Amino acid sequence: TAYNNANVGFYLDRFSTQAVVTGNRAYGSTGNQTTDQDTGIEVRASGARVEGNTAFKIGSQFGSGIVLGGASTESHVFDAVLRGNLSHNNVNGLLVYGGQVEVSGNEARDNDLGLYVVDNDSGPGDVRSQVHDNLVHDNDVQGILAERSVEVYGNTVRANDSVGIQAGGGVDTLVRDNEVSQSVTGIVANGGVSVRGNRVFGNSGSGIVTSNGAVDTDGNTVFGNSVGIEVINFQTGPTVQNNLVYDNANQGIFVHDAGLNASSAGVRLLNNTVVQDVGTAIKLQNNGPNLRLFNNLVWVNAGSAIDVIGAVVGFDSDFNDLVMGTAGASVGRWLGIVTPDLAAWRAALPAPNLRQILHNQLGRVLESQGNLGPAAAELRASLLITPDQPDVQQHLIHARQRMTAWPAEALDV
């Protein structure tokens with residue numbers, strides 16, 4: 001047990017090898033920052049195992065509970081384990097700086113920031129740091145903050161006052177299969193992050209927010225929030241697909257000011273199921289060019305299925321199933337004009353021959369850039385309008401071959 005020291009309760013420097021720090025208790029009880037040890041446990045040794053410790057403050061909340069590594073390059077730790085610890089009533093509960101670190105089975109509560117992990121050894125193909133099966137709750141600001149090459153999965157994150165999980169600044173950061181609830185915002189993801197298979201509910205603001213660079217939002221279940229999924233990726237057009245979004249108070253999916261700098265592919269909303277009792281199921285406002293709205297199932301009992309406001313250059317919507325649950329529901333609004341039925345909505349869209357030209361042009365541009373998945377989607381959409389286009393078929397088959405999507409000739413058109 002270490003308590004009421006000026007700076008650190010337990011400290012291991014970076015020259016330690018195969019260190020084990022387990023079963024310790026570090027705390028401050030005086031309510032005085034000069035004597036309540038700013039950091040309970042600090043370990044800067046790569047390969048260390050920090051397990052089963054408790055770090056906390058009594059009274060005033062300040063300092064850090066457990067710190068693994070340090071912000072400077074020489075202080076980063078690698079191949080270390082932080083497991084089964086409890087940190088509470090600090091400013092920072094658990095802080096980790098390094099690479100290929102495992103952080104699991106910890107509890108962080110009643111701090112400002114519950115858990116922070118940055119993988120400083122990040123790059124395409126590198127092994128991500130693993131953050132999983134932690135309980136992070138009732139923190140005053142953020143639950144989990146993950147940066148760079150980190151995989152965050154299987155965590156229970158609830159009742160944090162601002163954001164449940166925030167991730168960004170990474171080349172291949174993945175946030176998957178977490179349960180996130182009862183914050184203002186459930187998950188915030190910036191460029192380089194994939195958000196997949198999470199269960200996000202009961203947040204007073206948005207369930208999932210994506211911003212800045214491209215973010216892949218795939219297969220999440222999002223319900224009982226003010227807004228289900230909010231997309232504000234101004235630089236590039238992200239893909240939002242295969243999500244189940246229901247019982248959100250205002251909008252199911254709200255895309256605004258997104259893809260403004262996208263030179264080719266815009267925002268893509270594909271294969272989502274959105275059920276909305278009131279408000280708007282899918283709201284699209286002031287976005288960049290070439291937004292695609294394909295193959296979604298939308299059910300509304302009141303309000304609008306789809307609401308399009310602002311710029312519509314290259315906008316395309318097709319193969320969506322829109323179900324009006326009551327007579328008071330409408331298919332949507334197009335630039336402020338209510339379109340109560342499908343015929344009016346179709347009349348508001350560009351003619352099929354114009355959409356076909358746009359699909360072909362975008363497909364060729366994306367193919368030349370090496371963006372084969374979006375290119376194949378554009379070429380297939382063109383063939384769904386006019387199947388007899390041998391040149392387009394050839395380009396689609398070639399793209400599928402390059403993606404090793406077999407059989408390459410299975411065009412499904």
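Biologist: Which residue in β42 is the bridge partner of Asp 307?

Modeller: In this predicted model, Asp 307 has Arg 333 of β42 as its bridge partner.

Biologist: What makes β39 and strand β42, residues 329–334, a pair?

Modeller: Two strands pair if at least two bridges are found between them, and β39 and β42 have five, in the parallel sense. Strand β36, residues 280–285, also pairs with β39 in the parallel sense over five bridges, and there Gln 285 has Ile 309 of β39 as its bridge partner.

Biologist: Why is strand β39 called largely enclosed by the rest of the structure?

Modeller: Buried means under 20% relative accessible area, and five of the seven residues of β39, which spans 303–309, are buried, so the strand is largely enclosed by the rest of the structure.

Biologist: How do you know that the lining of the largest cavity has no charged residues?

Modeller: Asp, Glu, Lys and Arg count as charged, whereas the lining is made up by class of eight nonpolar and four polar residues.

Biologist: What makes three lining residues of the second largest cavity charged?

Modeller: Its lining includes Arg 268, Arg 292 and Glu 378, and because Arg and Glu count as charged, the lining has three charged residues beside three nonpolar ones.

Note on methods: Residues numbered from 1 in each chain as written. Predicted model: local features only at pLDDT ≥ 70, side-chain atom pairs only at ≥ 80, totals over all residues. Heavy atoms only, no water. Buried < 20%, exposed > 50% of the residue type's maximum accessible area, 1.4 Å probe, protein only. Helix = DSSP H or I, 4+ residues; strand = E, 2+ residues; numbered from the N terminus. 1 Å grid on protein atoms, 1.4 Å probe; cavity = no way out; pocket = protein on both sides within 12 Å on 5 of 7 lines; lining within 4 Å.
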